[in-house]
Amino acid sequence: MSIASKLKEAMVGLKAGCVTLDYPAQPRPVAENFRGRPIFDAQKCIGCAGCANNCPAREILVLDVCQEIRILKYLGRRCTYCGRCAEVCPEKAITMSHEYETATNRIGDLRQRLELFMSTCQRCGRCFKESSPLEQLKLKGYRFDDLENERWIFRSRSYLESEPVVEDIQIELD
Amino acid sequence: MLKNLCQKMFGRSLWVYHANSGGCNGCDIEVLNVLTPYYDVERFGIKLVGSPRHADVMLCQGPAMRATARALRCAYDAMPSPKLVFAIGGCACGGGIWHDTYAVLGPVEKVIPVNFYIPGCPPRPEAIIYGVAVATGLVDKKVAPVEFKQLEMPIPRYHPEDLRGQGEMVVYEKVEKL
């Protein structure tokens, strides 16, 4: 190790300069196509729930509290910022912002909640698939037998397992 | 209160332990990126240590898995008090994409208490530095919950006062206002 090589090393060190970013003091802009936190525009949202159907992390929840009000919740905990909700939104109500400084000490700070008025479908009353066959019958226009309690009354007792089935045949024969 | 405690207890430097309990290695790379000369976090006194017994802060990546939840809890118990836990990435904050599968128990807060959340998949190195800066009180957090409630049914209507002549015709059209 000669002094010349030491000097050369010092020159290289001086030429390199300082590359460290002064980040929390200075803002750091992101690229144009960067996808940050999705922002929901409540004025444009029509409540179609397409974003909830397409979210791979199941992080957008849709709740119907009554016939007219639909609540759309974005929780944002495990959101991967994939942008599928923004892509599928027919009204372009979701935009992927450039916001990435989302560190927080309460996980609830990431939540966005929209409470929207929904129209009622003239034919089915509610535009989503009902689970049970009885509910599907109700959608097709069949009425309840017992209107006050909203229940069907069956003549056959074969639905009750404890009752003997033999008598039901008798009823049908009658 | 937590902020005051942080400033009092962790005023000088934070030694961080880096625990991956089943993540995909994306957040690990971002955490290592934070230690590179570009985002040099050693200027805040943050140092990566190899053992939880030396650490003040645990950086959790990945969800709490069925196989690693116990080890994560042991690592947390081995850290001397006072201790902070940072959940880094969408998996540690909320369970990740596979939050409902057999092997994944859920977010790490199901196993250990979490003090700070840094969501993202993976979070940018700046986001991690921002989380550390929030914890040490250098900057304030930017996010807040958003709640919106419609008070009126938003139907565009016909307004008779908006009749307007257009050539020989009178136009009566639906307008966007309520």
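Helix 1 of chain A covers residues 3–16, and its end C-alpha atoms lie 20 Å apart. The model is a predicted one, where local features need pLDDT of at least 70 and side-chain atom pairs count only at pLDDT 80 or more, while totals for chains, interfaces and linings use all residues. Residues are numbered from 1 along each chain as its sequence is written, and chains are lettered from A and ligands numbered from 1 in the order in which they are written.

**Chain A**

- Chain A has five helices and five strands; helices (H or I, at least four residues) and strands (E, at least two) are DSSP runs, numbered from the N terminus.
- From the N terminus on, these elements follow the order α-β-α-β-β-α-β-β-α-α.
- Of the 174 residues in chain A, 18% are buried, meaning that 20 or more other C-beta atoms, placed from the backbone, lie within 10 Å of the residue's own.
- After helix 1 of chain A comes A:Gly17, which has a positive phi near 75°.

**The sheet of chain B**

- Five strands of chain B make an open sheet with parallel pairing, in the order 2-1-3-5-7; two strands pair if DSSP finds at least two bridges between them.
- Strand 2 (47–49) and strand 7 (116–118) of chain B are at the edges with a single partner strand each, so one side of each has no neighbour in the sheet.
- On average, neighbouring strands of this sheet are turned by 30° against each other, direction ignored; axes are lines fitted to C-alpha atoms, for helices over the stretch in contact, and angles run from 0 to 180 degrees between N-to-C directions.
- Strand 1 (residues 15–20) and strand 3 (residues 57–61) of chain B run parallel and are joined by five bridges.
- B:Ala19 has B:Cys60 in strand 3 as its bridge partner.

**Where the chains meet**

- The contact takes 32 residues from chain A and 42 residues from chain B, two residues being in contact if their C-beta atoms, placed from the backbone, lie within 7 Å.
- Helix 5 of chain B supplies the largest share of the side of chain B that touches chain A, with seven residues.
- Strand 5 (residues 112–117) of chain A runs parallel to strand 8 of chain B, and four bridges join them.
- A:Gln112 has B:Val146 as its bridge partner in strand 8 of chain B.

Notes. Expected span 1.5 Å × (residues − 1). Buried ≥ 20, exposed ≤ 12 C-beta atoms within 10 Å, placed from the backbone.
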